[in-house]
Amino acid sequence: MKRTPHLLAIQSHVVFGHAGNSAAVFPMQRVGVNVWPLNTVQFSNHTQYGHWAGEVLAPQQIPALIEGIAAIGELGNCDAILSGYLGSADQGRAILTGVARIKAINPKALYLCDPVMGHPEKGCIVPQEVSDFLLDEAAAMADFLCPNQLELDSFAGRKPQSLFDCLAMAKALLVRGPKAVLVKHLDYPGKLPDGFEMLLVTNEGSWHLRRPLLAFPRQPVGVGDLTSGLFLARVLLGDSLLAAFEFTAAAVHEVLLETQACASYELELVRAQDRIAHPRVRFEATPIGL
Ligand SMILES: Nc1ncnc2c1ncn2[C@@H]1O[C@H](COP(=O)(O)OP(=O)(O)O)[C@@H](O)[C@H]1O
Ligand SMILES: Cc1ncc(COP(=O)(O)O)c(C=O)c1O
Ligand SMILES: [Mg+2]
């Protein structure tokens, strides 16, 4: 029987609703991965409500928790680490130390960094020192980097002029070390208004994917976290990067369809669980080159 993969997921937790681990853990479990959630913050709700209660985890807790897992002899079973929303740059450094510790025991372990940098206009609040840390330190250690357009712009230090420019910006990130860059949300001059587009860029090839843009009175939060979590889960389950990319687009679209049908602001993950595991829609990514 095939072994169930194990994934250490280090990102935010919200008590109510879905963002960070609260958006990604259940879907990753539902597709068949053992998840070890390590919560960087525990907030009452995501920050786009404008106010929230809760605390940031003390950075020293990250190595302490990882050592706790080592002490019971389980750390070598960790097949991948995912990091997302961080409460401080020191937390980020503690995660990189943890990644190095895990890779020393299991050199095959993969590290996916979702460089959540915030979006002040939308109300996604992340300290500036976290963005600096992601740009200067985290990208080099990541096997997979999953920026949205704003985050890609921050890495490149400029805005794109076209789709091919987005591709060039993502390709430039490969030089820093990652095996693949998944741009979870593209925005560039000339983009068709009725589509939601993503890019997967690797040294072996690059692919562009378009799915329908759905209308929401308020944009749901946690879509990026769901996207990076499902992508990593499917890679661990044996998908090629391209297959994981296409699966992720379909499963996320299913969640958004369910969320739209329920007129809900929070992602309808529980209702969509069978659609996550077995998406009915399929989107084909098309090869794209410079
Ligand atoms: N098919 C879709 N139709 C409409 N909106 C979508 C669709 N897929 C994702 N979104 C929205 O697009 C936005 C992507 O946000 P952005 O900040 O760029 O990326 P991320 O969620 O990765 O941080 C989110 O507000 C999400 O709710
Ligand atoms: C606590 C928390 N975690 C994670 C996120 C990131 O969510 P998304 O997947 O939409 O980028 C947010 C966004 O506001 C947040 O408030
Ligand atoms: Mg995001």
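**Exercise 1.** Leaving aside neighbours within four places in sequence, which residues is Leu 7 in contact with?

*Solution.* Before you start: this is a predicted model, where local features need pLDDT of at least 70 and side-chain atom pairs count only at pLDDT 80 or more, while totals for chains, interfaces and linings use all residues. Residues are numbered from 1 along each chain as its sequence is written.

Step one: two residues are in contact if their C-beta atoms, placed from the backbone, lie within 7 Å. Step two: go through the partners of Leu 7, and you get Met 28, Val 33, Val 35, Trp 36, Asp 79, Ala 80, Leu 82, Leu 232, Ala 233 and Leu 236.

**Exercise 2.** Find the strands that β8 pairs with, and say how they run.

*Solution.* Strands are DSSP runs of E, at least two residues, numbered from the N terminus, and two of them pair if DSSP finds at least two bridges between them. Start with β7 (residues 180-183): four bridges tie it to β8 in the antiparallel sense, and Ala 180 has Thr 202 as its bridge partner. Next comes β9 (residues 206-212), antiparallel to β8 with seven bridges. Here Glu 197 sits opposite Arg 210, and a hairpin of three residues links β8 to β9.

**Exercise 3.** Work out how helices α2 and α3 are oriented to each other.

*Solution.* Helices are DSSP runs of H or I, at least four residues. Take α2 (residues 61-71) and α3 (residues 89-105): they pack at about 25°, with axes 8 Å apart. Angles under 35 degrees count as roughly parallel, so α2 and α3 are roughly parallel to each other.

Notes: Chains lettered and ligands numbered in written order. Axes fitted to C-alpha atoms, helices over the stretch in contact; angles between N-to-C directions. Parallel < 35°, antiparallel > 145°, perpendicular 65-115°, else oblique.
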